[in-house]
Amino acid sequence: MARIALSTASLRFFGHELDPDDLTRRLAGTPTKSAQKGDIRTGQSDRQYIEKTGSWRLKASDAKPGDLNAQIQGIFASLTPDLSVWLELSARFRADIFCGLFMDERNEGLEITPETLRAMGERGVTLSLDIYDPAEG
């Protein structure tokens, strides 16, 4: 089995009462992108949208070939190690690591180590995967 060609990973928090500045302070790290419910953003076609919920996102650098373990561990290493903060935030807001897995050929794969899974579980963070078949490109 070949290794996944490319992986992306982002830590995401969502919630109606989410205050991005508060998460930034509590997690001790700066998001790649954030919004408060009701904020206005401009889409790619200059159309304006009102944010329906608050969000806080931190994107890891893309990995080619894919390496979710390094990406997820890198995200966690850049933020507070205080698990009580993580557990309180993941109880109040929807928290996940959203990953994209992009294949160049059929039957590519990867492994997620027990250390990475433990780190996610200790923080109350769900793993979300989108997998892209090479025929889709």
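Modeller: A residue is called buried under 20% relative accessible area, exposed over 50%, and partly exposed in between, with a 1.4 Å probe and protein chains only. Helices (H or I, at least four residues) and strands (E, at least two) are DSSP runs, numbered from the N terminus. The model is predicted: local features need pLDDT of at least 70 and side-chain atom pairs pLDDT 80 or more, while totals for chains, interfaces and linings use all residues. Residues are numbered from 1 along each chain as its sequence is written, and side-chain values use heavy atoms, without hydrogens or water.

At its start, a side-chain oxygen of Asp19 comes to within 3.1 Å of the backbone nitrogen of Asp21. A polar contact is a pair of N or O atoms within 3.5 Å; within protein, one must be able to donate a hydrogen and the other to accept it, and residues adjacent in sequence count only if both atoms are side-chain atoms.

Within helix 1, the residues Pro20, Asp22, Leu23 and Leu27 are buried. Viewed down the axis of helix 1, the buried residues fall within an arc of 160° (taken over the directions from the helix axis to the C-beta atoms), so they line one face of the helix. An α-helix has 3.6 residues a turn, so residues three or four places apart point the same way. Asp21 and Arg25, on the other side of helix 1, are exposed. The cover over the buried residues of helix 1 includes strand 2, strand 3, strand 6 and helix 3 (83–92), where contact means heavy atoms within 4.5 Å.

After helix 1 comes Ala28, with a positive phi near 60°, although this residue is not a glycine. Because its relative accessibility is 52%, Ala28 counts as exposed.

Strand 2 (residues 6–15) pairs with strand 7 in the antiparallel sense over 9 bridges.

Note on methods: Pairing = 2+ DSSP bridges.
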